[in-house]
Amino acid sequence: MKKVVLLAFALCFFLTSKAQQDLQFTHFMYDKISFNPAAMGFKDAWCLTAISRRQWTGFNAGEPNTTLINFTTPRFSLLKGSFGLTYFNDEIGFENNTMIRLSYALHLSELGVQPIGGGNFSIGLSAGYYSKVIDATWIPPTGTPDDAIPDASSKDNTLSFNAGVYYRNPNFYAGISTTNLSQSQLTNLNIVQARHYYFMAGYDFHLHDYINVPKLTLRPNVLAKTDAVKTQYDLNINVLAFSTIWAGVTYRHNDALAPMAGLQRKITKNSTVKVGYSYGIGTSFIANYFTNGNHEIMLNYCFKIVPPTYYEREVHPYLL
């Protein structure tokens, strides 16, 4: 039965496939740049984010394994914005997908636009090199080769472009973006990159400002995504206690329910680290075919580069 499910899943990518192809993460609130290149430069720090996701573990028939690394810069006044570099690798079944992407976010405040609601708008663009490799042994049901199915080992690459707008103030964020703008075609594989559209938003409710409780922050987040064929949304709510520990849950429509927890600490005066883990419990039909759920680990490290302070001293000539 597992082979039947895997075969059906794999065939969705051929016959001029045009379906949802972008990555998905439970920790999407810590990985906004993957969906919206404008979501950079709002921290006055250099930030490195790494996420490792193991999906459908126990499936034993090509379960998805995803690795992501994002690096972003602080906002540079000279360049009016921030830069980001993204690398990800996604393995599923016979496929191996790799992307290297460079992003730029222009901050309107650097152009003299006054803050609105205590926050700042940005416009982002990104360009990436995308590669897909399929290394498979196909066994047609009829026993006769099918010309629509790629050769045993096939690969292709193309360029991919993303764009978005983003707004953030101290407690609220929202963004709209699109990926795979050019809808490039992988001719050798007969696959077209589907254009995706995203909406993201979140808010920090500082509960201790309203009621007599310890230092607690309630943080709801939403990520809606569509390729104009299928629409899906992620709803997350978590609570941050004492600016150190958080716990919550993410619900992905028709896919999974994922409890999550994490820790954030200030390592030095100018650096912080965040670590998070989530365990996804499948809610779709495919959950009947794997036993160990979905595992995701997130690491975020941010640091500031503060130039040394030099003091000038003058000595009175009578004291020489």
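**Reading the disulfide, core and surface**

Tutor: Begin with two cysteines: C47 and C302 are both buried. Keep in mind that this is a predicted model.

Student: How many disulfides does the structure hold?

Tutor: A disulfide is read from a pair of cysteine sulfur atoms within 2.5 Å. The structure holds one, and this disulfide joins C47 to C302, with an S to S distance of 2.1 Å. C47 sits in strand β1 (residues 46–54) and C302 in strand β17, so the pair ties together parts that are 255 residues apart in sequence.

Student: Is the disulfide of C47 and C302 right-handed or left-handed?

Tutor: Handedness is read from the torsion about the S-S bond. For C47 and C302 that torsion is about 115°, so the disulfide is right-handed.

Student: Which residues have the most contacts inside the largest nonpolar core?

Tutor: They are M29, F35, Y166, M200, L223 and W246, in a core of 27 residues. Strands β5 (120–135) and β10 (196–203) each supply at least two residues of this core.

Student: What is M200 in contact with, leaving aside neighbours within four places in sequence?

Tutor: Its partners include F35, Y166 and L223, as well as K32, N36 and Y173.

Student: Which residues form the nonpolar patch on the surface?

Tutor: L48, I69, L85, Y87, I100, L102, I267 and Y301 form this patch, with about 700 Å² of accessible area together. Strands β3 (81–92) and β4 (95–107) each supply at least two of the patch residues. Y301 is found in strand β17 (residues 294–303) and is partly exposed, with a relative accessible area of 30%.

Technical notes
Residues are numbered from 1 along each chain as its sequence is written. This is a predicted model: local features need pLDDT of at least 70, side-chain atom pairs count only at pLDDT 80 or more; totals for chains, interfaces and linings use all residues. Side-chain values use heavy atoms; hydrogens and water are left out. Patches are made of residues with over 30% relative accessible area and no salt bridge: like charges are joined within 9 Å, nonpolar side chains (Val, Leu, Ile, Met, Phe, Trp, Tyr) within 5 Å. Accessible areas come from the Shrake-Rupley method with a 1.4 Å probe; for residues, only the protein chains shown count as cover. A salt bridge is a side-chain nitrogen of Lys or Arg within 4 Å of a carboxyl oxygen of Asp or Glu. Helices (H or I, at least four residues) and strands (E, at least two) are DSSP runs, numbered from the N terminus. Buried means under 20% relative accessible area, exposed over 50%, partly exposed in between (1.4 Å probe, protein chains only). A nonpolar core is a set of buried Ala, Val, Leu, Ile, Met, Phe, Trp, Tyr and Cys residues joined through side-chain atoms within 4.5 Å. Contact means heavy atoms within 4.5 Å.
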